[in-house]
Amino acid sequence: MILFVNTSLSEAGRTVLRQQLPNLIKAVYKHELPEADRRTAFQSANLLLGNPPADWFTPVPPNLHFWQLDSAGFDGYASVKVPCPVANMGDFFAWPSAETIVGGVLAFYRHIHELAQLQAKQQWVGTSIRYRLDLVRHKRVVILGAGAIGQAVRQMLAGFDCQIQLLARTDPSAQLHTVADLREALPQTDLVINCLPGSATGFFTATLIAAMKPGSVYANVGRGSTTDEPALIAALQSGHLAGAVLDVTEVEPLPTESLLWAMPNVILTQHSAGGQPNEEAGKVAQFLRNLTRFLNHEPLENQIELARGY
């Protein structure tokens with residue numbers, strides 16, 4: 001059997017994978033092949049690790065039996081149809097993503113981003129900033145999405161005695177289930193944290209941004225495509241929103257001409273939220289666990305349906 005490894009692994013990661021693969025499986029690493037040979041090698045795959053370009057699946061490799069994504073998100077593959085089980089990384093990235101967005105929100109309210117810039121300039125103005133600081137404690141928060149990241153964010157913010165509502169269509173733990181519910185809650189909400197997947201493209205519209213409480217804060221660790229970015233920028237410029245913490249943007253990398261780069265009330269964390277120690281080893285371990293399950297005809301961890309978005 002041929003395993004095509006699209007994931008870029010270090011030599012140490014490739015060694016671990018080679019050592020633990022069953023003898024019947026040969027690993028072919030995309031990044032060890034000349035660029036001209038990569039797509040041909042992909043077509044010979046029986047097993048797949050990683051996230052190749054969606055257009056490589058035209059046609060689908062004829063003998064593909066199992067595909068392990070190396071990400072939690074997979075909205076870029078909604079139109080891909082493969083006749084084999086597919087699994088993602090599940091909640092592997094949930095806690096680091098939650099820590100980044102909560103850390104960014106804390107930094108915004110406590111002006112850590114401004115203080116860091118002043119430190120670089122060796123400029124001491126502590127007293128004037130002191131009286132502009134705000135607290136996360138007791139904030140009224142709406143979390144968009146009740147998945148693993150949303151639940152982790154809720155658990156963290158509970159320690160600040162925040163009043164938290166979750167938005168999810170069907171999750172019984174959520175307090176809000178419809179756009180109408182959300183629109184009614186927004187005028188009394190201090191902080192909105194978006195944890196929605198890419199399947200919710202365009203969800204947070206200009207209308208919802210306009211319904212937010214004046215002086216409130218918007219944070220996004222889901223997908224940039226879920227937010228009307230021009231409307232968000234306009235609300236930040238006008239002062240309707242106090243600020244934003246964005247791990248994701250509509251276009252990534254963020255274009256140099258984007259106004260978001262220079263806005264003092266915006267913190268950009270550059271889609272780094274999933275980062276954590278031993279991330280590569282975690283991806284390899286997840287694949288090997290699911291490979292064993294697949295070979296033993298057992299249910300996979302985090303099996304998903306591409307077209308349905310979950």
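Visitor: Why is strand 6 described as largely enclosed by the rest of the structure?
Guide: Strands are DSSP runs of E, at least two residues long, and helices are runs of H or I of at least four, each numbered from the N terminus. Buried means under 20% relative accessible area, exposed over 50%, and partly exposed in between, using a 1.4 Å probe and protein chains only. Strand 6 covers residues 140–144, and it is largely enclosed because of its buried residues, which number four of the five.

Visitor: Before we go on, what kind of model is this?
Guide: It is a predicted model, where local features need pLDDT of at least 70 and side-chain atom pairs count only at pLDDT 80 or more, while totals for chains, interfaces and linings use all residues. Residues are numbered from 1 along each chain as its sequence is written, and side-chain values use heavy atoms, leaving out hydrogens and water.

Visitor: Which residue of strand 8 is the bridge partner of isoleucine 143?
Guide: Two strands pair if DSSP finds at least two bridges between them. Strand 6 pairs with strand 7 (residues 163–167) in the parallel sense over five bridges, and there isoleucine 143 stands opposite leucine 166. Strand 6 also pairs in the parallel sense with strand 8 (residues 191–194), over four bridges. In strand 8, the partner of isoleucine 143 is isoleucine 193.

Visitor: Is arginine 140 buried, partly exposed or exposed?
Guide: Arginine 140 has its place in strand 6. Its relative accessibility is 31%, so arginine 140 counts as partly exposed.

Visitor: How far is the backbone oxygen of glutamine 188 from a polar atom of the side chain of arginine 140?
Guide: Contact means heavy atoms within 4.5 Å, and the residues that arginine 140 touches, not counting those up to four places away in sequence, include Gln163, Gln188 and Asp190. For the backbone oxygen of glutamine 188 and a polar atom of the arginine 140 side chain, the distance is 3.1 Å.

Visitor: Which strands stand at the edges of the six-stranded open sheet?
Guide: The sheet has the order 2-1-3-4-5-12, with mixed pairing. An edge strand has a single partner strand, so one side is left without a neighbour in the sheet; here these are strand 2 (26–29) and strand 12 (303–304).

Notes
Polar contact = N/O pair within 3.5 Å; in protein donor to acceptor, adjacent residues only side chain to side chain.
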